[in-house]
Amino acid sequence: MKVFGEAVIAGFAKEHPVSRKPLQRFVTIARTALWPHFPAVKETFPATDYAPATGTLIFNVGGNKYRLIARVDFEEQLLLIQTVLTHREYDREDL
């Protein structure tokens, strides 16, 4: 999987330094993944949710402390990170 949007992670980690390691771990795992479809994502990250209204995947990262929201193109094997939120920020979002 090609991962785009690491600048989003860097910006978030600058504000939330404790998130750096779990987010970097997520990127490392995602880069080595071959996900042909959403059920394969769930095998790697079981707590991942799909938001059909926006077509995004919501990954729980760092023991449920952070939400990484991304689009995945399974055919092209691309993951585009759109935003990272704390659990509290995510609860207020309308996804």
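This is a predicted model: local features need pLDDT of at least 70, side-chain atom pairs count only at pLDDT 80 or more; totals for chains, interfaces and linings use all residues.
Local features were taken only at pLDDT of at least 70 and side-chain atom pairs only at pLDDT 80 or more, whereas totals for chains, interfaces and linings use all residues. Residues are numbered from 1 along each chain as its sequence is written, and side-chain values use heavy atoms, with hydrogens and water left out.

Secondary structure elements are DSSP runs numbered from the N terminus, with helices (H or I) of at least four residues and strands (E) of at least two. Strands are said to pair if DSSP finds at least two bridges between them. Strand β2 (residues 49–51) and β3 (residues 56–61) pair in the antiparallel sense over three bridges, and T56 in β3 is the bridge partner of A51. These two strands form a hairpin with four residues between them, in whose turn G55 has a positive phi of about 70°. On β3, the pairing with strand β4 (residues 66–73) is also antiparallel and runs over five bridges, with V61 opposite Y66 in β4. The hairpin of β3 and β4 likewise has four residues between its strands, and G62 in the turn has a positive phi of about 70°.

Strand β4 continues the antiparallel arrangement with β5 (78–86), to which β4 is joined over eight bridges. Within this pairing, T83 in β5 is the bridge partner of I69. Four residues lie between the strands of the β4 and β5 hairpin, where Q77 takes a positive phi near 60°. By contrast, β1 (2–4) and β5 pair in the parallel sense, over three bridges, and F4 stands opposite L80 in β5.

Burial is expressed by relative accessible area: buried means under 20%, exposed over 50%, and partly exposed in between, computed with a 1.4 Å probe on protein chains only. By this criterion, five of the six residues of β3 are buried. A nonpolar core is a set of buried Ala, Val, Leu, Ile, Met, Phe, Trp, Tyr and Cys residues joined through side-chain atoms within 4.5 Å. The largest such core has 23 residues, and F26, W35, F59, L68, L79 and V84 have the most contacts inside it. Two or more residues are given to this core by each of α1, α2, α3, β3, β4 and β5. A second, separate core of five residues includes A51, I58, I69 and Y90. Contact is defined by heavy atoms within 4.5 Å. Leaving aside neighbours within four places in sequence, L68 is in contact with I9, L23, F26, L57, I58, F59, V61, I81, T83 and V84. In soluble globular proteins, nonpolar side chains tend to be buried together.

Rings of Phe, Tyr and Trp (its six-membered ring) pair if their centres lie within 6.5 Å; planes under 30 degrees apart count as stacked, over 60 as edge-to-face and the rest as tilted. The structure holds seven aromatic pairs. One of them joins F12 and Y66 in an edge-to-face arrangement, 5.6 Å centre to centre with 80° between the planes. Because F12 belongs to helix α1 (residues 6–15) and Y66 to strand β4, this pair ties together parts that are 54 residues apart in sequence. F12 is buried at 8% relative accessibility, and Y66 is buried with a relative accessible area of 8%. The rings of W35 and F59 are stacked, their centres 6.3 Å apart and their planes at 25°. This pair links W35, in the loop between α2 (20–32) and α3 (38–44), to F59 in strand β3, 24 residues apart. At 1% relative accessibility, W35 is buried; F59 is likewise buried at 1%. F26, W35, F45 and F59 form one aromatic cluster.

Helix α2 has 13 residues and reaches 19 Å from its first C-alpha to its last, close to the expected 18 Å, the expected span being 1.5 Å times one less than the number of residues. Its buried residues are L23, F26, V27 and A30. Seen down the axis of α2, these fall within an arc of 95°, so they line one face of the helix; the arc is that of the directions from the helix axis to the C-beta atoms. The cover over the buried residues of α2 includes β1, α1, β3, β4 and β5. The face turned away from the buried side carries the exposed residues K21, R25 and T32. K21 has a relative accessible area of 71%, and its C-alpha is 8.4 Å from that of G62, although K21 and G62 are 41 residues apart in sequence.
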